[in-house]
Amino acid sequence: MSSSLLFAALLILTATSFYMGRSAAVAQRAATGQPLHSLPGYYGWYVVCWCGIPAAFVVVAWLAFETTIVQALVVRSLPQAIRDLPADQLGLIISDIRNVAGGLATTSANRADVMAAAAHLRWIQTVATAALWVCVLAAGIAGLLIGRRHIVPSLRARNDVEQVVRIILIIASTIAVVTTVGIVLSLLFESMSFFARVSPIEFLFGTQWSPMMAIREDQVGSSGHFGAVPLFTGTLLIAVIAMIVAVPIGLMTAVYMTEYAHKQVRAIGKPILEILAGVPTVVYGFFAALTVAPAIRAAGEMIGLQIAAQSALAAGIVMGIMIIPFVSSLSDDVINAVPQSMRDGSYALGGTKAETAVRVLLPAALPGIVASVILAFSKALGETMIVVMAAGLAANLTLNPLDAVTTVTVYISALLTGEAEFDSPKTLASFALGLVLFVVTLALNIVALQIVKAYREQYE
Amino acid sequence: MTPEAIRRLKRRYAAERRFKAYGIAAMTFAAAALLLLLVTVVGNGYTAFWQTQLRIEVFFDPDAIAPAGTTDRRRLMGADYRTVLLDAVSARFPEVRDRDGLRQLEGLVGSGAEVQLRDMVVADPGLIGQRRQVWLLAHSDIDMLIKGQTRLGDGARVTERQAGWLTALARGGDVDQFFNTRFFTGADSRDPELVGILGGVVGTTFTLLICLLLAFPLGVMAAVYLEEYAPKNRLTDIIEVNINNLAAVPSIVFGLLGLSVFINFFGMPRSAPLVGGSVLALMSLPTIIIAARAALRAVPPSIREGALGVGASKMQMIGHHVLPLAMPGILTGTIIAMAHALGETAPLLMIGMVAFITDIPTDPLSASTVLPVQIFMWADHPERGFVEKTSAGIIVLLVFMLVMNASAVWLRRKFERRW
């Protein structure tokens with residue numbers, strides 16, 4: 001509530017500053033008779049920059065540090081005995097304090113202390129909010145006044161405003177890099193604390209995966225095993241099944257659409273593929289679990305095969321269906337990019353369409369097709385919802401597609417959903433899995449992009 | 001031609017026909033898969049828009065609801081409607097006296113009917129002590145049987161006796177189907193007859209709004225810089241490679257980023273559309289940037305030179321001419337990115353939007369869920385009633401996506417200019 005009020009206040013302040021800057025410039029032109037360097041609006045924007053940027057800085061700084069500072073202050077107010085508790089218990093008490101301050105009841109043993117700290121916290125929060133208001137408005141108004149004083153007809157307002165906009169544009173374009181850095185750092189950071197407890201060797205080469213930690217120290221089998229090889233093989237198995245479905249069908253679709261199909265057929269075929277590409281993965285997951293898996297099981301029973309209810313085959317086939325449009329649209333592009341002269345050459349020698357496609361087009365388009373297959377494979381590795389819904393949690397080390405297997409993505413989500421504590425190897429393991437997934441898909445993607453790049457240069 | 005040449009030619013033509021048949025088979029497989037998926041979803045889900053109700057005379061017993069004649073809202077909310085309901089149903093079938101029979105009678109109307117009675121009494125306490133004919137929500141299992149989604153016997157959870165009572169009720173015109181408004185106005189619930197999608201829809205709206213507000217300006221600004229200003233140097237190269245790679249990062253990794261940066265580092269609330277929208281914004285940013293750059297590139301140089309020629313600055317040329325002309329293309333790309341974000345589930349699981357939330361979220365900071373996550377959660381329940389509701393949720397989701405994609409296509413058709 002108070003944040004939207006502050007936002008409204010800032011909006012009013014900037015609007016005022018625009019109006020003040022503009023009218024100041026116009027007034028000075030009338031008074032001095034000097035022509036303005038820029039259009040009057042630029043003087044308005046000039047003052048807006050002076051007013052808005054400092055205020056925005058204050059807000060961002062407050063947002064970044066508020067929680068940390070407030071928490072530190074609250075912890076300092078706690079009695080020594082509580083402050084000396086281990087980090088995880090202290091964290092529990094702090095969240096308890098927050099809850100109490102938010103109006104909930106507490107069940108803590110240190111009831112009195114928690115209540116006192118909650119009152120303290122509420123007081124700090126009131127003070128902090130007031131301080132924020134004062135700082136933001138002070139920064140804004142000070143900026144406004146300074147900017148307003150700069151305005152003279154000869155001020156090069158447009159150039160200055162454009163410089164500011166340019167800097168904002170540069171910042172916007174670095175967000176992508178910042179995101180990547182954020183991903184890498186957060187994955188690395190959390191994985192480090194995981195590898196401090198579980199050795200990377202065990203994680204990468206161990207064959208036993210049972211991440212369920214004991215609740216008590218003295219429980220039997222309390223250690224948990226973090227050998228991720230079953231997950232890796234499961235992921236590969238499902239992805240390979242998906243590729244076996246998607247690559248031939250996607251490729252044949254692309255060849256058919258570019259070389260054979262009439263206009264009318266293309267007008268129907270393209271939208272079908274686009275819809276297939278647009279269906280949310282959660283829908284595919286539901287489809288796999290509800291229709292495909294039971295159908296495969298029933299088919300297996302008919303010929304006397306025991307198929308697991310959550311077989312790798314069902315998940316893989318549905319994932320393959322999901323990836324068909326991906327393979328076909330990328331291959332479509334590269335086949336289309338093969339110069340017409342090569343087709344004509346083949347036809348002139350008497351080649352049929354099929355021979356042209358298989359012996360001329362596909363070899364010519366091969367690098368692009370390989371790249372699209374690699375990209376599709378990396379998509380299959382990172383796909384989550386289908387496997388979460390259709391593959392289950394059984395970490396079997398097997399290459400039998402009729403067995404139940406599980407994947408890296410399934411465990412990333414299973415270990416983190418509904419988990420309150422953050423510091424156990426169990427939750428941290430999902431970051432290590434995420435790191436592996438990120439590195440592998442990134443490598444595949446870079447390879448694919450390199451191939452595409454080399455191929456483009458060939459024909460252009 | 002020699003006989004051998006004719007044979008060879010025949011073989012080659014056969015291969016040609018075979019190859020074409022493979023192509024047709026591939027296309028047919030894709031189409032059939034899509035058709036099967038749609039048939040599954042629609043076939044399971046279309047009935048969810050109606051709901052079976054049973055007309056039963058209810059005596060709003062003051063002893064059970066408000067012993068002291070109270071009209072206090074809190075007391076009325078917490079009163080024992082189960083008993084009222086049971087009395088009403090067993091009064092309709094007085095011949096049933098055995099314990100097992102009573103339990104089966106109770107099974108005709110689910111806990112949805114209890115909530116219904118509660119809402120009636122809370123809305124009008126004057127009902128207490130009166131007798132009324134009320135259309136009560138049938139239990140989900142009964143609902144499924146009446147709609148023909150399950151049949152008696154094969155795993156259906158309706159007994160022969162219950163089916164007999166239903167026939168008796170139906171003979172008196174006391175079984176009917178009504179439009180399921182609750183499905184469009186309610187939120188999540190443990191009972192399939194009570195669930196609604198509005199909670200998910202509102203959460204999705206907040207999430208997508210946040211995503212749009214963040215990703216659209218940032219994406220357009222980044223595209224303008226990269227396309228119009230950026231010098232060809234190493235930094236620009238890095239940014240470009242980065243954007244391409246970011247587009248291929250698995251969505252679940254973005255969820256991990258959101259969890260460790262937004263929630264653990266910045267201390268933003270779990271399950272909030274604000275966090276979900278931010279994560280989806282980072283995810284859709286590359287798509288928007290790539291689409292916006294293509295749209296900017298398509299504006300012909302003559303426009304730029306014209307603007308510069310009459311004395312516009314570079315920024316004015318972009319702001320007044322290039323960007324407005326590229327806008328339809330940029331918007332098309334943005335809508336497609338948003339449609340993609342609409343169906344995204346995995347990263348939102350990571351940031352806790354997978355909670356069981358029975359209220360409709362009121363602002364972007366309150367705990368909420370989104371439509372695809374809601375579908376995921378319902379899909380986890382084995383009951384037939386939930387299968388129906390899951391499918392109906394998917395129908396709604398697909399309709400949303402279809403509308404968004406259709407508007408993107410419309411926008412492209414309407415404003416596309418060939419120079």
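The domain bounds used here come from an automatic or database domain assignment. Keep in mind, too, that this is a predicted model. With that said, chain B splits into domain 1, covering 50-178, and domain 2, covering 198-415. Taken over C-alpha atoms, the centres of domain 1 and domain 2 of chain B are 46 Å apart. The two do meet: 5 residues of domain 1 of chain B are in contact with 4 residues of domain 2 of chain B. On the domain 1 side of that meeting you'll find 1 nonpolar, 3 polar and 1 charged residue.

Chain A is also divided, with domain 1 at 2-155 and domain 2 at 225-459. Here the C-alpha centres of domain 1 and domain 2 of chain A lie 48 Å from each other.

How far can you trust what you're looking at? For the complex, the predictor reports an ipTM of 0.91 and a pTM of 0.89. Chain B has an average pLDDT of 88, and 97% of its residues score at least 70. For chain A the average is 86, with 93% of the residues at 70 or above. Within chain A, helix 4 (residues 87-101) has the lowest confidence, with a mean of 74, while helix 8 has the highest, at 94.

Now bring the two chains together. Their contact involves 67 residues of chain B and 69 residues of chain A. Which element of chain B gives the most to the side that touches chain A? That's helix 1 (residues 3-45) of chain B, with 18 residues. Sorted by class, the chain B side of this contact has 50 nonpolar, 14 polar and 3 charged residues.

Next, zoom in on the sheet in chain B. Three strands form an open sheet here, in the order 2-1-3, with antiparallel pairing. Strand 2 and strand 3 of chain B sit at the edges with a single partner strand each, so one side of each has no neighbour in the sheet. From one strand to the next, the twist averages 40°.

Follow the pairings along strand 1 (residues 50-59) of chain B. Strand 1 of chain B is joined to strand 2 (residues 131-137) of chain B by 7 bridges; among the pairs, L54(B) has L136(B) as its bridge partner, and E57(B) has Q133(B). Helix 6 (residues 111-123) of chain B packs on the sheet and touches strand 1 and strand 2 of chain B, its direction making about 135° with that of strand 2. Helix 7 (residues 140-147) of chain B packs on the sheet as well, touching strand 1 and strand 3 of chain B, at about 125° to the direction of strand 1. As for strand 3 (residues 175-179) of chain B, 5 bridges join it to strand 1 of chain B, and Q51(B) stands opposite F178(B).

Finally, hop over to chain A for a helix pair. Two packed helices are described by the angle between their axes and the distance between the axes. For helix 8 (residues 229-260) and helix 13 (residues 353-382) of chain A, the axes come within 9 Å and cross at roughly 145°. This crossing of helix 8 and helix 13 of chain A is right-handed. Helix 8 of chain A contributes residues including A239(A), A242(A), A246(A) and V247(A), and helix 13 of chain A brings residues including I369(A), V373(A), A376(A) and F377(A). Count the contact by class and you get 15 nonpolar, 1 polar and 2 charged residues.

Terms used. Residues numbered from 1 in each chain as written. Chains lettered and ligands numbered in written order. Predicted model: local features only at pLDDT ≥ 70, side-chain atom pairs only at ≥ 80, totals over all residues. Contact = placed C-beta atoms within 7 Å. Nonpolar A, V, L, I, M, F, W, Y, C, P; charged D, E, K, R; others polar. Helix = DSSP H or I, 4+ residues; strand = E, 2+ residues; numbered from the N terminus. Axes fitted to C-alpha atoms, helices over the stretch in contact; angles between N-to-C directions. Left-handed = near helix turned anticlockwise from the far one by under 90°. Pairing = 2+ DSSP bridges. pLDDT = per-residue confidence, 0-100.
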